[in-house]
Amino acid sequence: MRTIIGLYRMYKPMKFFGGIALILAALAFIFFMPVMDTYIKTGLVPNYPTLIVCGFTVIAAIQSLFAGLILQTFIQKNRQDFEMDLQQVAILRNLKNDKG
């Protein structure tokens, strides 16, 4: 199972890290709602630790999302480079066949 997850992370990083970001953001939202409800009703925030953890969880979700975006860009660039190399090999092969 670890190998499957590792391969999925390497070949589909945006989906992998985007899923993690979505889970983290949902958790932060779920834990933030009672704090927000209490604040709206009383004007006070009695659960500062929960509020702080929610903030850090949202930051982790944003970092995960951007990590997926950056890694997806690297993969796309590597695929483009591979296609260019294949085209160059095909051109060189055609030149050799034409001469020989």
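**Helix and residue contacts, by question**

Reader: Leaving aside neighbours within four places in sequence, with which residues is Ser64 in contact?
Author: This is a predicted model, in which local features need pLDDT of at least 70 and side-chain atom pairs count only at pLDDT 80 or more, while totals for chains, interfaces and linings use all residues. Residues are numbered from 1 along each chain as its sequence is written, and side-chain values use heavy atoms, without hydrogens and water. With contact taken as heavy atoms within 4.5 Å, and leaving aside neighbours within four places in sequence, the partners of Ser64 are Phe17, Ile20 and Ala21.

Reader: Is Ser64 buried or exposed?
Author: Ser64 has its place in helix H3, where helices (H or I, at least four residues) are DSSP runs, numbered from the N terminus. The relative accessible area (1.4 Å probe, protein chains only) sets the classes: under 20% is buried, over 50% exposed, and in between partly exposed. At 8% relative accessibility, Ser64 therefore counts as buried.

Reader: At about what angle do helix H2 and helix H3 pack?
Author: Helix H2 covers residues 13-42 and helix H3 covers residues 48-99, and their axes lie 8 Å apart. Axes are lines fitted to C-alpha atoms, for helices over the stretch in contact, and angles run from 0 to 180 degrees between N-to-C directions. The angle between H2 and H3 is about 165°.

Reader: How do H1 and H2 lie to each other: roughly parallel or roughly perpendicular?
Author: The axes of H1 and H2 come within 5 Å. Ile5, Tyr8, Arg9, Met10 and Tyr11 in H1 meet Pro13, Lys15, Phe16 and Phe17 in H2. The crossing is at roughly 110°, so H1 and H2 are roughly perpendicular.

Reader: What is the relative accessible area of Arg9?
Author: Arg9 belongs to helix H1 (residues 2-11). Leaving aside neighbours within four places in sequence, Arg9 is in contact with Phe16 and Phe17. Arg9 is classed as partly exposed, because its relative accessible area is 41%.

Reader: How far apart in space are Arg9 and Gly68, C-alpha to C-alpha?
Author: Arg9 and Gly68 are separated by 59 residues in sequence. Their C-alpha to C-alpha distance in space is 9.2 Å.

Reader: Which kind of aromatic pair do Phe16 and Phe17 form?
Author: Rings of Phe, Tyr and Trp (its six-membered ring) pair if their centres lie within 6.5 Å, with planes under 30 degrees apart stacked, over 60 edge-to-face and the rest tilted. By this rule the count is one aromatic pair. The ring centres of Phe16 and Phe17 are 5.1 Å apart and the planes stand at 90°, so the pair is edge-to-face.

Reader: Which residues are in contact with Phe17, leaving aside neighbours within four places in sequence?
Author: Phe17 lies in helix H2 and counts as buried, at 16% relative accessibility. Phe17 and Leu71 are 54 residues apart in sequence and 9.4 Å apart in space, C-alpha to C-alpha. With its sequence neighbours within four places set aside, Phe17 is in contact with Arg9, Ser64, Leu65, Gly68 and Leu71.

How values were computed. Helices (H or I, at least four residues) and strands (E, at least two) are DSSP runs, numbered from the N terminus. Angles under 35 degrees count as roughly parallel, over 145 as roughly antiparallel, 65 to 115 as roughly perpendicular and the rest as oblique.
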